[in-house]
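Subject: Structure handover and notes

Dear colleague,

Here is the structure I promised to pass on, together with the notes I made while going through it. Please open it alongside this email, as the notes refer to it throughout.

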Amino acid sequence: MKAPFKISVEKRMEEIPKWMPAAISLGAVLVAFIISGIILLFTGSNPIRIFRFFFNAAFGSWGAFSDILVKATPLIMIGTGYCLAFKMNIISIGGEGQFYMGAFFASLVVLVPLVPLDSPKILVLSLMALMGIIGGGLYGLIPGVLKAYFNVNEIITTLMLNYVAVNWNNYWIFGKYSDAGFQMTPTFDKVAWLPRLADLSKNIPFFSGITLHLGVVFGLIAAVLIWVILKSSRWGYEITLIGDNPRAAEYAGVNIKRNILLVMVISGALAGLAGMSEVTGVVHRLQERISTNYGFSGVIVAWLAKLNPLAVIPISILFGGLIVAGREIQPSGLSFLIQGLTLFLVISSDILLRYKIRITRRQEKAL
Amino acid sequence: MNIEAIIRAGLSTGTILIFAAIGEILAERSGVMNLGLEGVMLVGAMAAFKTSHVTQNAWLGLIAGILAGGILSLAHGLVSIHLQADQTVSGLSLTFLGTGLALVLGEGLTGLNVPTLPNVDIPLLSSIPGIGRIFFSDFNILVYVGYILIPLSWYFIFKTRPGMHLRAVGEKPSAADSLGINVYGTRYLYTFIGGCLAGLAGASISIAISSGWYSNLTTSGQGWIAIALVIFARWNPIPAAMGGYLFGMLRRFTLDLQGPMSILGFRNPFFYDHNLVFFLQMVPFLLTIIALLWGSGAARRKRLGAPTALGVPYVRGERGM
Amino acid sequence: MTMTTEGRPFAVEMRDIVLRFPGVLANDHINFTLQKGEIHALLGENGAGKSTLMNILSGLYRPDSGTIKVNGTPETFNSPRDAISCGIGMVHQHFMLVPTLTVTENILLGLKTPRFFMRLSKYDKKIQALQEEFGLKVNPSAKIWQLSVGEQQRVEILKTLYRGADVLILDEPTAVLAPQEIDELIGTMRALVKQGKSIIFISHKLNEVKAVADRLTILRKGKTTAEGINPEGLSRGDLAELMVGREVLFHINKEIQSPGDVVFEVENLSTDNDQGMRAVNNVSLSIREGEIFGIAGIAGNGQSELVEAITGLRPCTGSIRIHDTEVGNCPPYKSIHCGMAHIPEDRMGVGTAPNLSITNNVIMKKYVHPPISKGWRINYTEAQKHAVILKDGYDIQAPNVETPAQKLSGGNLQKLILAREISGQPGVIIAMQPTRGLDVGAIESIQNLLLEQRKNGAAILLLSEELDELLELSDRVAVIFEGELVGQMNASEASLNTIGMMMTGSLRSEE
């Protein structure tokens, strides 16, 4: 007995409605939450209670919200950098390492020190930002050169370099720049602290304890800048062209090697700036763990944002919420789980953009 | 510096890496790259630990760990093979997924004492003077499993018919397809097997070699080192084994290295600056990059064995125009 | 007749084969017979239908109608496996070999035995014996990537023999071989036939065919123009005519004009193909303002490499000059900057970015110039305006200019490319197979567009498989054969006969 209808999968021939990609991303997030809830049930916890706690921990107070923005800041910068690279089909996952290198280079300003510590704050911070950009940029240049001139797979090189950077960092903070043998440098002098809203609490008591710092401005500017570049600049056009069909780009006279280098350097620089922002705005020292997997979460953020830097902003905030809430609640792996599930579902559902499922009635055979 | 202790530590720790690496070799040889090893290993470790705790039987735990790894990897397989999504992104999300699953489902397991797999001596071989003591006595049983797996997997890949088909699928799936070999089926099978071996690696951490559950510190990056090992070993189990034991020794070595003031008559830099060991820790990753660079020459690639179709979804070409 | 003169059934007999693909009748009631123990050559130009016919015989395609008999028994093939079980094996032009496996392993691939353990030495010996029988020397334990192309071909032949083929179909076997290897192949074919095998070989090279074939069948545009004839009595000229024919499809309005100065020169251009073999050998030519220079030739004789070298997509030696500016062996932007337009052979793979809109495709070479570029930005309003003008002017059928390129039909895609390339009144146009695969209406539009550019003084290099089109459009023609230009002459002086002979290597005249 055959079912009265059949399911067929056909290639989509017409244009995708504009709302579809966003709807799919949103749907994926929702389904991820649902599945996580089911898994939580399975372990005997009460998912509703946990999710409510989740949202409270994240969005319940201004202080918590500020924490979210703080966590979102590096995600915005790293995610934006990834948007640039992925748009050109360069799958770099080196944000983590570039972040550490940026943090390291920026810290050198204070640790060496590169300028006297009684210099004006704006000089110190600007120099640190510059060093952060240089550190991340140089670190991005290495896999860039390997890819452009030797055609070495950038996925693996950037991945490996992440761990090299962490170890490099460890060498210095356990050693020369260590604070009495602990795995961190001494706290930076106040001159190297990025201003935060809490600094204004004398005049505006509302801001007391609010950790939001200037780095978020870096992030927003970076996201808007890259968005403008990708959308309306000549370079953005080249990147999009190379990403869509490198052979056509070559045929059209575009210099592919140069673009690979530029993209790797700039995405590295953005991650490096994120590193600087984290050490000057949040922890105020160089230490072993300055990143909560920003480099990897950044990939998910960029992908969910469909490589649009403006969309990276709200998604980073969402993920920031996941990280902040994840700190508080049991079980501790929940934010990982949701992040992983979301991305998994998004890439699985991408197929819906290319194919559609049709359910039709089986025709009766004419006699 | 106790050479014997270093070698033994290398053999133990290396076994974990080798299980994961051989599994990944099999998967990548069929054309599927699984970057999520770290997550899969963690799930395997958690499943093994929890099952061992609940059933009070380490062997059941072992089976659970293996199966958990395999099943989780099948998700990656579905997304990569049938849905033809980007394998890098899928692999990364698998890392998160696996880590998250392991942490959530492994809640409350830290610090528990569970039945573990036993340490044994190999009857005759352990009595051989010198070598017997170093290689065949008082190791966890899984280490010996590792000894056997290495030549077995090498023989399988290079000397058997299914191994030949495996290589064909990863190298030139169109040729394999034209001769009637099921490309999709082969890829699913080896993705599953790779996941099972990764689960085995995880289980060997939690209920065998470094037994215990330390939430997400359990695997502490060994999954990533295993991925590097696969490339460095050029998708061949024998160099993978040597590299795995070497990397294992490196970990132990870095501790010991800080002890003596001089090595072989030379001033020991590690004694004077302990932190130089961090550079040693970079070695596996740097070596991989160098291996990749060396292998990038087109002519070399033929000899180096990166499966040509690795990471490329297979679509049967149009018949006709 | 269903029997040979000796009263035995044919080894293979195909009657009234019809196969239609969307838009083209590939095989139009074709008859083909193969006697046991003979070498039968199947000749024809590109698109004549010979590969299609053989794909039907080897089980890859199913005919719409017609019958196939093997040794007198009617057979239907649903897949290559069916054909192989009837003893028919095909060696394709593009080898299906796994480079990292050995010869023996490739031969054994996909078979049921050996079951699990492969004692390769045993099979090595088996393969060795097979080799001795047929004179096909190749080292069984060598890896495919270590072998020369000729040796790889032998492995493909061994593959079919091992699977019990009595009838071997060789698709353009000499296309990838060096001259000495070709002699070896001919020796192999003779040895195979001596052992009772029958061979069909597809080719377009008349001298080889004459050297080795017992009988010939010639196809042209899906129909048989000669069936199973003996090449002995025929001259090369006759054969070329049968291949290339005399039909003129339609008349093009080409004005007589006297061309101006030389603006495009190529001198001693040489380049290699991807396999490292020499593909273009010391080619020289010059084109004047308002002149169309056509190059005829059967695909695979170096055309692609020549065009890639000229447009900067392939390294080369020699000189290429546009208005006396040297652009040889320089990246593409140099020649683009000097006003060279390139209409590529591969519309989707090279000529367009599939997911980008018509607008974005149309500005591919213009985005650095105002008014499209505005400083560091792109003025998309201007770009769209430009795209709309081009869309209307060149009659590109699409919903709007934001439609992604991959949604366009072949003809419209080509119009898009032409619009982009020639709307800027380029001085030099390189057009490679500009009308391939298009319907009559689109073909006519594109030809007229090219003629208009010619009137405006462009120097055009045209490569086309359609000989009629080439001769009608060009002012001067040459033929490319095995990487060299043979015979440059005025189009008015060229006869199909002569051109056909040059295309098949029968005539090499230097002018």
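Chain B has an average pLDDT of 83, with 86% of its residues scoring at least 70. Within chain B, confidence is highest in helix α9 (residues 183-206), with a mean of 94, and lowest in helix α14 (residues 298-304), where the mean is 52. Where pLDDT is low, the predicted coordinates should not be read in detail.

In chain C there is an open sheet of six strands, in the order β6-β7-β8-β3-β9-β10, and its pairing is mixed. Its edges are formed by β6 (88-91) and β10 (223-229) of chain C, each of which pairs on one side only, and neighbouring strands of the sheet are turned against each other by 15° on average, direction ignored. Within this chain, strand β3 (residues 39-43) and strand β9 (residues 215-220) run parallel and are joined by four bridges, and Leu43(C) stands opposite Ile218(C) in β9(C). Helix α5 (residues 149-162) of chain C lies across β6 and β7 (167-171) of that chain, and runs at about 165° to β6(C).

As for the contact between chains C and B, chain C contributes 19 residues and chain B contributes 20 residues. On the side of chain C that touches chain B, 14 residues are nonpolar, two are polar and three are charged.

With best wishes

Conventions
Residues are numbered from 1 along each chain as its sequence is written. Chains are lettered from A and ligands numbered from 1 in the order in which they are written. This is a predicted model: local features need pLDDT of at least 70, side-chain atom pairs count only at pLDDT 80 or more; totals for chains, interfaces and linings use all residues. Two residues are in contact if their C-beta atoms, placed from the backbone, lie within 7 Å. Ala, Val, Leu, Ile, Met, Phe, Trp, Tyr, Cys and Pro count as nonpolar, Asp, Glu, Lys and Arg as charged, and the others, Gly among them, as polar. pLDDT is the predictor's confidence in each residue, from 0 to 100. Helices (H or I, at least four residues) and strands (E, at least two) are DSSP runs, numbered from the N terminus. Two strands pair if DSSP finds at least two bridges between them. Axes are lines fitted to C-alpha atoms, for helices over the stretch in contact, and angles run from 0 to 180 degrees between N-to-C directions.
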